[in-house]
Amino acid sequence: MSAPVGEMLSEKDKIFYFSLLPPALTTLGLLALIVSTIGAKAALVLPQALTILAANVWDPENERYGLLAPVLGTLVVASIAGAVSLALGLPLTLAVAELLRGRLGSVLQTLLEMASAFPTVVIGLWSARYLAPFLSENVMKPLYSSFGFIPTFSCRPLGGYSLLTAGLAIGFSVVPYTASIMIESYRLIPSTYREACYGIGATRYETARILVSLARPAIAGSVLLGVARAMGETTIAAMTVGNAMNISACLFEPSYTVPALIAAQFGNANLYRYAEPVLYLAALVVLALALALSAVGFKLVSGWRVRIVG
Amino acid sequence: MASWAVRKLEDRLFVVAVVLGSALALAPLAHALAVTLYNGLSTMARAGLGFFVNPPPTPYSASLGGVAPALVGSLLLLALALPPSAFLGLLLAVFTNEFPGSRAAALVEVGARAFTSVPTVILSMVAYSLLVVPTRSYSALAGAFALTAASLPYSYTAFSSALRMVPEMYREAAYSIGMSRWTTVWRVLVPIARRGIASGVLMTLTRILGETAALLFAVGALRYVVPLNPLGPVDALPLLIFDYALSPYKLFHEVAWGAAALLLIISLALFALSKVVVKGVRL
């Protein structure tokens, strides 16, 4: 795999290789710069990191900070978004790559690509003005009155800015991304599998079920990549999550996510001694989670692709 | 196994479920598109051409004003961020395409992947602490740094898939007439992949124009003055939409819809252009 490049290349090619090497390594340099900057800025509060992560208070006037609500909120919102991107990404994948394998399929795929060109701030604006009130009236209130005994539905919805709204809105915005990875993977399944299924008289449903179960690791990987992206989504979260330091099992209550907290608080954080380092610590937590999840996601997808093709 | 009638029914239900699921996935985005255009175009119609040349209104002013400073700011940021992002992205793509087995290429690949999952708001914090604090000023340059970092993985991915589409025989042909690797890349492979590269540039451009979070703490939202100085603060369309949507004033909400429609139209036009540019690649 990583044969020493020098031995295979001519003198001229070596010059080429080494002239491109510095710019090529800028991505890694930038990545190191990002992590080290965030880490250095958070250093002041790193010794108390666990206490800060376990507490739930945002009171810069008295220099008291805790990140539990935003961290939990981030996890809840990202999980809802992941569920949405699986529930909607799978039908899209099957529609584009299994059922509509002609002109209609490519139209649908173009629509998906177009959707991923939507600026997130536009989706955020739409979610705040339309999705939140819609969910509050048509989803949250009925669920509360019928299933209020279940903890996740146990609070009276107010206005709609909530963990559920943020999760769904971010989910909708992540679907095109997740679906595109699923579609690309699904298309790599050799057609011999499909032919074998149809050959023994399987229906489209039975064939799709077999092919989907074959692609399960790639699908899981795509969802993880979507969750990693949802975790860092700032604009939509800040416009829909309700911005409240609130921990609740109920999904209809306003809460926070880490990016929303940063968006709301970082601008004035330099007025206080510890607000900035605490926010850098919060950023570090989300960065670590997002990097880890996407590493696992990429590994699942690319490992599966090698196996299925090879 | 279940009877044929049951299996047939299952199959029908499956098709219905897939169609419904796909419709459900696209419905929110279609609705967002429709209401943004409706609300935004009605704002623009009321504001007239002044929407493109006036500064935004104050909360209780009589007229809608416009988004000129944000529009110019967005273009200034684009002019500063696109060249480094596209140039670096192309070098990276050429590198991984030319030396695919090397350890450095594997590292570049891993780095680019990791980069796509860095939340852009974090890039804004980095730009703030590395550029804004030392220079004691918010600046378009700090914003451009964050935007370059935010868009680099996209330009790299687009360019490297464009280069990978070039059939190997062109490389073999170039080598067989004695061209060096350097000349082959810049005189043969890149020109052949030019449509894919152009479309990648357009997609990177869309990414840069629509990015909000990377700008939050970098550019300083100079809202009422048309910015001309790259070292000074600027505003940008996404930032204006974000701030105005969260403000309590009705007039600001209307301006936000207008700006959102403008941004969406530009993004979709660029997307359409990137599709048109790619079409007609016949190799």
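Residues are numbered from 1 along each chain as its sequence is written, while chains are lettered from A and ligands numbered from 1 in the order in which they are written. Because this is a predicted model, local features need pLDDT of at least 70 and side-chain atom pairs count only at pLDDT 80 or more, whereas totals for chains, interfaces and linings use all residues.

On confidence, the complex gets an ipTM of 0.92 and a pTM of 0.93 from the predictor. The per-residue score is pLDDT, the predictor's confidence in each residue, from 0 to 100. Chain B has a mean pLDDT of 91, with 98% of its residues at 70 or more. For chain A the average is 90, and 97% of the residues score at least 70. The elements discussed here are helices (H or I, at least four residues) and strands (E, at least two), taken as DSSP runs and numbered from the N terminus. Where pLDDT is low, the predicted coordinates should not be read in detail. In chain B the lowest mean belongs to helix α4 (residues 103-116), at 87, and the highest to helix α10 (residues 237-246), at 95.

Now to the contact itself, where two residues touch if their C-beta atoms, placed from the backbone, lie within 7 Å. Chain B puts in 70 residues and chain A 68 residues. On the chain B side, helix α1 (residues 4-47) of chain B supplies the largest share, 19 residues. That side of chain B splits into 49 nonpolar, 15 polar and 6 charged residues. Here Ala, Val, Leu, Ile, Met, Phe, Trp, Tyr, Cys and Pro count as nonpolar, Asp, Glu, Lys and Arg as charged, and the others, Gly among them, as polar.

Two helix pairs show the packing up close. Axes are lines fitted to C-alpha atoms, for helices over the stretch in contact, and angles run from 0 to 180 degrees between N-to-C directions. Helix α3 (residues 26-42) of chain A packs against helix α5 (residues 120-135) of chain B at about 70°, with the axes 10 Å apart. That angle makes α3(A) roughly perpendicular to α5(B). Angles under 35 degrees count as roughly parallel, over 145 as roughly antiparallel, 65 to 115 as roughly perpendicular and the rest as oblique. In this pair, Ile34(A), Thr37(A), Ile38(A) and Lys41(A) meet Ile122(B), Met125(B), Val126(B), Ser129(B) and Leu130(B).

Leu20(A), Pro23(A) and Ala24(A) of α2(A) make the contact with Leu88(B), Leu91(B), Leu92(B), Val94(B) and Phe95(B) of α3(B). This contact has 8 nonpolar residues, no polar and no charged.

Finally, Arg136(B) sits in the loop between α5 and α6 (140-164) of chain B, and its phi is near 60°, a positive value in a residue other than glycine. Arg136(B) counts as exposed because it has 6 C-beta neighbours inside 10 Å; the cut-offs are 20 or more for buried, 12 or fewer for exposed, and partly exposed in between.
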